[in-house]
Amino acid sequence: MNKKILIVAAVLMVVCAAGAFAFGIGVQGGGGYPAAGNAAITFKLDSVPLVFAANFTFNDGGFAVGGTADYWLFNNNIAGPLNWFLGLGAGATVGGFSDEVFLNAQGRLPIGLNMFLVDGFIEPYIQVVPMLVVPIVPSFGIDFGIDANIGLRLWF
């Protein structure tokens, strides 16, 4: 019984805290090197400078899924509604291409432009993300990659 009360209390705290802050959810797509194309679902709270994404990478030889978490160091205004941002982040990807399973980790440096339109409800953005890629499976190493995305978040 105590566990049920604790779980209900924890869920209520999360719901109440989430209701106190605005959040943005959206989609992005793009490509880069070494991945051919990708799509993602993104999520951001207005109260903390963290951006999360669930990524789906695809090409003729296979498919991969991953996640990223980026900490925005700043999101400064350039002019009017146009801003630019710079962040540091991390990610991980697992998948299979050309009959080979892989797992890698990434260090990320997102750089981009965004705007808040329609009273802050719509946030279009573009970003370029240089990455330090650390393949773990099938063999350990260090590689470099770059990703470019265009996306749209809606704020509630």
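Predicted model: local features only at pLDDT ≥ 70, side-chain atom pairs only at ≥ 80, totals over all residues.
Residues are numbered from 1 along each chain as its sequence is written, and side-chain values use heavy atoms, with hydrogens and water left out.

The protein contains 1 helix and 9 strands, arranged along the sequence in the pattern α-β-β-β-β-β-β-β-β-β, where helices (H or I, at least four residues) and strands (E, at least two) are DSSP runs numbered from the N terminus. The C-alpha trace spans about 55 × 45 × 25 Å along its principal axes. Of the 156 residues, 29% count as buried, a term that denotes under 20% relative accessible area with a 1.4 Å probe, protein chains only. Where contacts (heavy atoms within 4.5 Å) join residues at least 6 apart in sequence, 44% of them link residues at least 24 apart.

Not counting residues up to four places away in sequence, Thr42 touches Gly24, Ile25, Gly26, Val27, Gln28, Phe52, Ala53, Tyr125 and Arg153. With Arg153, the side chain of Thr42 also forms a polar contact of 3.3 Å, that is, a pair of N or O atoms within 3.5 Å, of which, within protein, one must be able to donate a hydrogen and the other to accept it, while residues adjacent in sequence count only if both atoms are side-chain atoms.

Definitions and conventions. Buried < 20%, exposed > 50% of the residue type's maximum accessible area, 1.4 Å probe, protein only.
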